[in-house]
Structure formats: structure tokens, C-alpha cells
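This report describes a protein model and is intended to be read alongside its sequence and coordinates. Please keep both in view while reading.

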Amino acid sequence: MKLVEQMLRGENLALARLISLVENESSEVPEIMKLISPHLGKAHRIGITGPPGTGKSTLVDKLASLMRKQDLKVGIIAVDPSSPFTGGAVLGDRIRMQQHYLDAGVFIRSMATRGSVGGLPQTAGSAIKLLDAAGKDIILVETVGVGQSEVDIMEKTDTVLVIQCPESGDAIQTMKAGLFEIADIFVVNKADHPDADRLLRDIQAMLRLREPSWWDIPVVATEAVNDVGINELYEQVQLHHRVLCETGQLSQRRQLQRRFDFIKTVEHKLTHKLLKSIEQDGQLGRYIEMVEMGELDPYSAADELLKSGNLLTDWLCQRPPG
Ligand SMILES: Nc1nc2c(ncn2[C@@H]2O[C@H](COP(=O)(O)OP(=O)(O)OP(=O)(O)O)[C@@H](O)[C@H]2O)c(=O)[nH]1
Ligand SMILES: [Mg+2]
């Protein structure tokens, strides 16, 4: 495929067009993914997550500048939750990252989560792979932490930065949101805020309760808008990558990433088939009706459906409803 060849040579236009194919779930996607698979695994994939408005985009912008000073090729994916509350985020990111738009060494792409409830869309995973195959040294993936997306980001990146700021809540809320399980590096941004110090100390105190492990999660204070603490943060990011490589954790994470990727792909395909079958009102329709009418509970319906060999084969093979 010509587009893939051009992308592998590093042409950003081809890369952008391939991401669009992925976003539109083109029938060419499996072929594209197969062609790029020998070229994967070189980029350091970094996830940046945290509540809305904590300063993720500003940090991404500043980190990208430091990486460019080292002449690294940077790919940025900003996942916009397409919510009415953050509808302006994409435009905001454009303005914030304007300085990079003229730099061919930085590739920026915003993606909408579309229908997927919270979380990273399946297509974001494919876009990350395309950036990797296109020869980016670093891939920065920004997602707003709204439930599932934090876990998703761990399944798709090597280093996860969790961004907090004094306005985003206290350390207990952070813990309840499950962010301590996924963070490789904590960032307390908006350190110019008077309550930042306390948040930082609380997070540190909670981290001390953890079992010792191969990596001590650092907490870095930053003022993204004022360019304060960005060097320290980048040093921690580089250190994490070095330790990942030296301890063999990177290959373990990559194994997990491929495993999740496979399971998610199967899940995605099955869901797609299921929804299509329901739409076409095949034999599945009968179960849907019973569930809708409250005659059968969803669990029993699912059990019965999965026990019925014929029905399942019909459904999976998508034979016309009999
Ligand atoms: N006071 C202060 N404001 C900051 C700092 N960093 C970012 N901001 C401001 O916080 C606001 C949100 O910053 P963004 O970088 O858009 O935050 P975000 O986390 O990407 O936001 P979403 O993508 O909408 O979730 C902007 O108005 C920034 O200028 C900081 O260190 N101190
Ligand atoms: Mg943002």
C-alpha cells in the first residue's frame, strides 16, 4: 500500500491520511495494521491523564519543546471527550500548541472519543501505532481522566503521568479515582496556587504507604504556564524510561499491551456484530424483546444465548436470519 510506504518514510501527510482511515474505521485498517506491525516498538509512549483543566495540554506543549531541543521527533494525540463541557478544548489546544504547528518535527492530532463511553477509543490505540511506525521517538497521549480512560491509557503507554492541581481535588479523591494504581509519575501542576504544597505533601504521604517496588513514584511540582519544573519532570520521564528498559519491565509492559490489544480487538468485533444483528432483527431480536419487556433478565438471556450453539454460530457467521 503506497500510503503506508510513504508514512514509513516519515511523510506526515501520509500519516495524517492513515489516521483518518483508522478514525473512519475503513475496511483497509486490518491491512494497514498488518503492514506496520514489523515497524512497531521503537517509540517511548507517554500517557498524560488527569481531571479536566489541570494543565495537561500546557504540560504536553512544554515537554514537547524540551524534546525538540534534543531533536527528537514528537507525535501528540489529544483525545477530546467530545463533551459539551469541554467542547472548546480542541480549539484551545490548537492555540496553546501553535508554536509547534510550523515544526515538521511535531505531529499533532486531536481525536474525538465518539461513541465510546469514557475511555480511549479503539482508534486511538491504532493512531499510536501509526505514529510509532512513522518513526516518532516520543508519543504523547493526552486524555481527560473520566473513569475508564485512565485504565485504558495504562494499557497503551509505557509511562503514565497523572496530573493533579489544587482545584482538581484532594489526595483522597485521587486515590479513590484509582489514579495511584496507574501513575508512574505524579505531577502537581499550578504550583503557584497556595494549596499546591499541601496536595503535594498529601500525595507523597500516601505514596509512602505503598509496598516497595522496582520504581518509586516521584511527585513533581510544576507551573506549566510559567515554565517552572518542566526540566525536572522531563528528567523523571527519561529516568522512568531508562529504568523500564534496564529492569526488563518495558518488554513486560509491551507484552501486556499486545495482549490487551488482542482482547480489545476481539471484544470490539463481537460488539459490532452483536449490534448489527440486533439492528437486523435476527434471532437475537427475540431475546432483546423479552429483556425489554422484563420477561427475562439480561443475565439469563445472555446465558441462554451463549448456550444455544446454532444461534451463536448464526450470529458469529452473520448468516441471514432464518
Ligand atoms: N495558575 C496556573 N494556571 C495554569 C497552569 N498550567 C496551566 N494553567 C491554566 O489552566 C487552564 C487549563 O490548562 P490546560 O492545559 O488546557 O488544561 P488541560 O488539563 O489540558 O484541560 P482539558 O484538556 O480541558 O482537560 C489554562 O487556562 C491554563 O493557562 C499553572 O501552572 N498555573
Ligand atoms: Mg487539554
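A salt bridge is a side-chain nitrogen of Lys or Arg within 4 Å of a carboxyl oxygen of Asp or Glu. The model discussed here is predicted, and a search of the whole structure finds 9 salt bridges.

**Confidence of the model**

The mean pLDDT of the chain is 85, and 85% of its residues reach 70 or more. Residues 83–89 form a stretch where pLDDT stays under 50. For this stretch the model has 3 contacts beyond four places in sequence. Where pLDDT is low, the predicted coordinates should not be read in detail.

How many residues of strand 2 (residues 74–80) are buried? The count is 7 of 7, and strand 2 is thus described as mostly covered. In a regular strand the side chains alternate between the two faces of the sheet. In strand 2, Val74, Ile76, Ala78 and Asp80 point one way, while Gly75, Ile77 and Val79 point the other way.

Strand 2 has pairing partners. With strand 3 (residues 106–112) it pairs in the parallel sense over 7 bridges. Within this pairing, aspartate 80 has alanine 112 of strand 3 as its bridge partner. Strand 2 also runs parallel to strand 4, to which 6 bridges join it. Here valine 79 stands opposite threonine 143 in strand 4.

Because 6 of its 6 residues are buried, strand 5 is largely enclosed by the rest of the structure. Thr159, Leu161 and Ile163 point one way from strand 5, and Val160, Val162 and Gln164 point the other way.

Strand 5 is joined to strand 1 (residues 44–50) by 4 bridges, and the two strands run parallel. Threonine 159 in strand 5 is the bridge partner of isoleucine 46. Another 4 bridges join strand 5 to strand 6 (residues 185–188), again in parallel. In that pairing, valine 162 has phenylalanine 186 of strand 6 as its bridge partner.

**The magnesium ion**

Which residues are the protein donors of the magnesium ion (ligand 2)? They are Ser57, through OG, and Glu142, through OE, lying 2.1 Å from the ion. The pair links distant parts of the chain, with serine 57 in helix 4 (residues 56–69) and glutamate 142 in strand 4 (residues 138–144), 85 residues apart. Serine 57 has a relative accessible area of 6% and is therefore buried. Glutamate 142 counts as buried as well, because its relative accessibility is 9%.

Side chains of opposite charge can pair when their charged atoms come close.

| Residue pair | N to O distance |
|---|---|
| Arginine 109 and glutamate 23 | 3.0 Å |
| Arginine 254 and aspartate 158 | 2.7 Å |
| Arginine 253 and aspartate 184 | 2.9 Å |

The side chains of arginine 109 and glutamate 23 meet in one of these salt bridges. Since arginine 109 lies in strand 3 and glutamate 23 in helix 2 (residues 12–23), the pair ties together parts that are 86 residues apart in sequence. Arginine 109 is buried, with a relative accessible area of 14%, and glutamate 23 counts as buried at 15%.

A second salt bridge is formed by the side chains of arginine 254 and aspartate 158. Arginine 254 belongs to helix 12 (residues 249–279), and aspartate 158 to the loop between helix 7 (148–156) and strand 5, 96 residues apart. Arginine 254 counts as buried at 11% relative accessibility, and aspartate 158 counts as buried at 0%.

Another salt bridge brings together the side chains of arginine 253 and aspartate 184. Arginine 253 is in helix 12 and aspartate 184 in the loop between helix 9 (179–182) and strand 6, 69 residues apart. Arginine 253 is buried, with a relative accessible area of 18%, and aspartate 184 counts as buried at 4%.

**Positive phi values in loops**

Most residues other than glycine have a negative phi, and most peptide bonds are trans. Lysine 190 has a positive phi, near 60°. Lysine 190 lies in the loop between strand 6 and helix 10 (196–207), and at 25% relative accessibility it counts as partly exposed.

Aspartate 227 likewise has a positive phi, near 60°. Aspartate 227 lies in the loop between strand 7 (219–221) and helix 11 (230–247). Its relative accessibility is 49%, so aspartate 227 counts as partly exposed.

Methods. Residues numbered from 1 in each chain as written. Chains lettered and ligands numbered in written order. Predicted model: local features only at pLDDT ≥ 70, side-chain atom pairs only at ≥ 80, totals over all residues. Heavy atoms only, no water. Donors = N, O, S within 2.8 Å, 3.2 Å for Na, K, Ca; no water. Buried < 20%, exposed > 50% of the residue type's maximum accessible area, 1.4 Å probe, protein only. Pairing = 2+ DSSP bridges. pLDDT = per-residue confidence, 0-100. Contact = heavy atoms within 4.5 Å.
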